[in-house]
Amino acid sequence: VITGVGLFLAFLLLVWVAYNIVDRPSNFFQVLLIGITTGCVYALVALGYTLVYGILELINFAHGDVFMLGGMFTITLSTHLFNLHEGQGIVIVPIVFATLLLSMLACGAINATIEFIAYRPLRNAPRLAPLITAIGASFIIEDVGLAWKGPNYISSPDVFPHTQVFAIGGVTYTWNKLLVVAITVPVLLLLSYLVQKTRQGKAMRATAQDKDASAMMGINVNRTISFTFLIAGALAGAAGLLYALYVTTVRYDQGFQLGLIAFTAAVLGGIGNLPGAVLGAILIGLIQAFNEGPLWHSPGSDWTEAIVFSILILILVFRPEGLLGEQTPEGG
Amino acid sequence: MSEQLTSHAGTRGESPSEQVGYRNKARAWWRALTFEQRLLISLGTSLVIAILLYFVDHALSYAALIITAIYWLRRFPARYKLPGEVAFIVLLAILAIAWTTPWSLVLLVAVIAAITWIPDGRKAWGIPVAFLVLAILYPFYSDQMFTMPIFGVWPDVGTGVYMLVFVMMAVGLNIVVGYAGLLDLGYVAFYAFGAYTAAWLMSPQFPHSHLRLGAIGLLPGWFGIHITIWLVLVLAGCVTALAGIVIGLPTLRLRGDYLAIVTLGFGEILPKVAQNGDSLFGFNLTNGPNGITPLDAPGFGHHLSSWTGGFLPANYLQCCSAKVNVGFLHIHHQVSSYDVYFWTAIVLLIFTVFVSLRLQYSRLGRAWIAIREDETAAAAMGIPLMRTKTWAYASGAFFGGIAGAYYAVFKSATFPGDFYFNISVFILCMVILGGMGNIWGVIVGAAFLAYLNQEGLANTGSWLNTNIHVAGWRPNINVPLYASGIYGVIILVVMLFRPEGLIPSRRRAAELHEGVHDEPLYDHEVAGST
């Protein structure tokens with residue numbers, strides 16, 4: 001029965017997508033491009049969840065809030081330190097690059113500090129204990145943002161140009177979307193190189209597989225875990241920069257919700273699985289864009305979270321290993 | 001002072017008597033002292049603290065001294081006990097007569113001291129009954145209470161209702177988290193179910209249906225479903241328990257952290273549905289962000305009211321004419337409708353606590369504890385895992401539903417904004433602070449945090465902003481704004497330093513005393529299974 005209902009729903013979804021392609025192709029492809037752009041931001045956040053889960057089997061609830069702090073760092077640094085404002089031309093490139101580095105560094109440091117304070121003392125405690133402290137840490141970080149920037153939206157200058165890259169038919173692709181992809185892809189490549197090719201990456205993979213054995217092989221397990229949190233935080237910082245400059249507004253309590261959506265992406269792709277997180281994030285970005293876009297009978301942005309979390313529940317209940325398979329010490 | 005405490009952080013696998021780590025070393029040093037040395041050190045320390053606190057707030061220093069005095073009176077060996085008690089009572093009497101100490105403070109200290117002197121064999125029921133009597137009488141003396149240091153005035157009776165409702169919810173969540181060891185991050189969903197059930201059955205929300213069943217105080221021309229609150233409370237509990245079973249059946253076979261995420265997902269979806277539920281395929285189910293309001297007033301109706309001679313009020317909102325005068329304590333109290341809501345909440349809480357206590361050592365309760373401690377072993381002993389876990393979920397949901405329904409009736413409204421994730425964490429924080437698995441601890445933790453949320457944080461904030469000044473600098477902090485961060489700090493500190501909570505469950509304390517440190521608190525995950 002469940003399979004039947006599932007197939008029927010999938011069929012309805014296909015009909016809906018097909019109808020939209022035929023009926024209003026320009027809107028369809030426009031929405032597709034928006035979805036990929038949003039997916040890139042989610043991918044960076046989802047990778048942070050998946051890295052930490054892969055090594056500690058811990059859902060780092062505070063990650064979403066670190067991401068939000070990254071957005072705040074970006075706005076503060078770029079406007080106050082580097083005096084970034086609209087219509088500056090090519091000079092924004094070094095500014096954005098410098099902000100990116102600083103924001104990544106700050107978020108990485110914060111994430112590693114959270115690990116040191118809230119998770120490391122509970123390394124040998126029951127598994128749900130660090131999960132509970134993660135919620136506590138998340139609330140604390142959220143209120144740090146509240147104390148720093150106040151309860152209202154803060155806005156960033158809209159520095160990414162909105163001019164067209166290309167326009168085919170009614171579909172336009174603007175520079176701000178391309179820039180998001182252009183910043184995400186090198187970061188992803190760098191991460192892939194780091195995990196696959198370097199000595200430290202090898203230590204991370206070994207620690208994820210078996211902490212005791214890797215300690216016996218001379219790997220400093222605590223340092224490796226700290227390093228993983230540093231990397232995850234740096235990715236959140238990069239995502240925070242992209243979010244702040246692309247969406248141009250940030251508020252203290254957005255991080256938790258967006259973090260949960262990104263976590264859904266990580267679960268969808270298979271938690272602990274790095275390519276899976278990127279795939280899941282692009283899918284979630286597409287789902288969100290199609291849900292909110294100007295399409296025939298799209299449910300609208302009121303329902304985005306309900307839909308995304310329904311997907312989360314369905315995935316966890318029916319296919320907890322995700323689309324590409326879970327890569328954790330016990331599940332892999 | 002902390003003989004019974006022990007932390008499982010950093011001392012895994014070692015018996016607490018081993019002198020490893022600064023905490024255990026300090027404990028061993030403290031135990032090696034003689035009684036007189038301990039008493040002297042403790043009194044000296046508290047005197048120093050009291051003198052320091054005197055410069056901040058006079059009342060704080062008295063509080064420090066009184067707490068130390070009560071702590072030591074309990075621990076006096078037999079030969080010192082009588083002189084100690086006499087000295088304490090004489091001191092209290094002097095304070096009451098000679099100084100302008102408010103009588104309520106003296107009385108409170110005397111009552112607490114009396115409670116600590118209940119003989120050991122009768123403590124099990126004596127302490128709860130004593131506190132119950134104090135709580136039932138609270139509306140009469142609440143406006144006579146002294147002003148507390150930092151926290152200011154005592155909570156009013158309306159806050160008391162709020163506290164009781166949240167205590168009920170925490171006791172319900174304790175069944176899921178404390179007894180069965182299932183981390184539920186979406187408990188607010190059950191609260192919402194209960195609240196909306198009450199709202200649908202007691203309001204003009206569905207104008208096309210017309211059903212009346214013993215509802216009180218209806219205006220002429222009101223349509224919709226109107227059922228008496230006593231039936232609605234039962235219905236809300238049952239509907240919510242059913243929702244718990246429906247949510248639980250597919251999800252409870254997931255491992256611990258995935259279950260937490262799924263419950264979190266439900267807790268996020270439900271308020272969204274409530275928020276957007278004003279046009280579900282054209283049907284107005286929840287009235288959207290405006291919420292459903294007003295709800296019918298609770299009451300027993302004129303028949304029951306006149307039959308009991310006015311003891312049961314006919315309509316809570318038009319209550320009451322009774323007056324209570326106790327001249328020598330300056331009590332002149334007219335019973336108000338808040339008081340009746342308060343006493344009804346106490347009755348509901350007694351029911352909750354009674355059921356929860358009876359469940360704890362029942363066959364089902366023992367099965368929950370077995371699952372919490374080792375799921376595989378429990379299954380091997382023939383405990384049906386799914387059914388037992390689902391029962392935990394349903395029982396927790398039942399009380400969450402009743403509490404939600406009662407709170408909706410008390411507020412006479414239901415808004416989707418009441419059901420966000422931070423309420424789930426707020427209730428979880430109560431359970432963790434009090435002590436997972438210990439119902440008395442959970443009650444204390446929940447009452448304290450609910451009070452903080454409603455009045456305490458605002459009072460504390462104004463105290464901070466007026467009393468703290470360093471070289472002309474005064475803080476200007478809006479403390480209630482940072483409520484969730486404060487709960488975050490509480491969760492973090494309790495989990496890191498005292499994971500068994502302020503008043504730990506006796507079973508956990510025993511486990512910790514025997515040094516079973518790698519015995520998981522509530523981890524039912526065995527490496528290798530999915």
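**Close-ups of a predicted model**

Across all chains of this predicted model, the count of aromatic pairs comes to 39.

**View 1. Phe190(B) and Tyr393(B) form an edge-to-face pair.** The two ring centres are 5.8 Å apart and the planes meet at 90°, so this pair goes down as edge-to-face. The partners come from distant parts of the chain: Phe190(B) belongs to helix α9 (residues 188-201) of chain B, Tyr393(B) to helix α16 (residues 385-411) of chain B, and 203 residues separate them. Both Phe190(B) and Tyr393(B) are buried.

**View 2. Two charged side chains in chain A sit over rings.**

**View 3. Ser156(A) is tucked into a loop as a buried residue.** Look for Ser156(A) in the loop between β1 (154-155) and β2 (164-168) of chain A. Its relative accessibility is 8%, which is under 20%, so Ser156(A) counts as buried. Apart from neighbours within four places in sequence, Ser156(A) touches Ile75(A), Ala244(A), Leu245(A) and Thr248(A).

**View 4. Chain B has an open sheet of 3 strands with a helix across it.** The strands run in the order β1-β3-β2, with mixed pairing. At the edges are β1 (202-203) and β2 (210-213) of chain B, each pairing on one side only. β1(B) pairs with β3 (residues 224-227) of chain B in the antiparallel sense, over 2 bridges, and Met202(B) stands opposite His226(B) in β3(B). Helix α10 (residues 229-251) of chain B lies across β1, β2 and β3, at about 100° to β3(B).

Key:
Residues numbered from 1 in each chain as written. Chains lettered and ligands numbered in written order. Predicted model: local features only at pLDDT ≥ 70, side-chain atom pairs only at ≥ 80, totals over all residues. Heavy atoms only, no water. Helix = DSSP H or I, 4+ residues; strand = E, 2+ residues; numbered from the N terminus. Buried < 20%, exposed > 50% of the residue type's maximum accessible area, 1.4 Å probe, protein only. Contact = heavy atoms within 4.5 Å. Phe/Tyr/Trp six-rings, centres within 6.5 Å; stacked < 30°, edge-to-face > 60°. Lys NZ or Arg CZ within 6 Å of the ring centre and 35° of its normal. Pairing = 2+ DSSP bridges. Axes fitted to C-alpha atoms, helices over the stretch in contact; angles between N-to-C directions.
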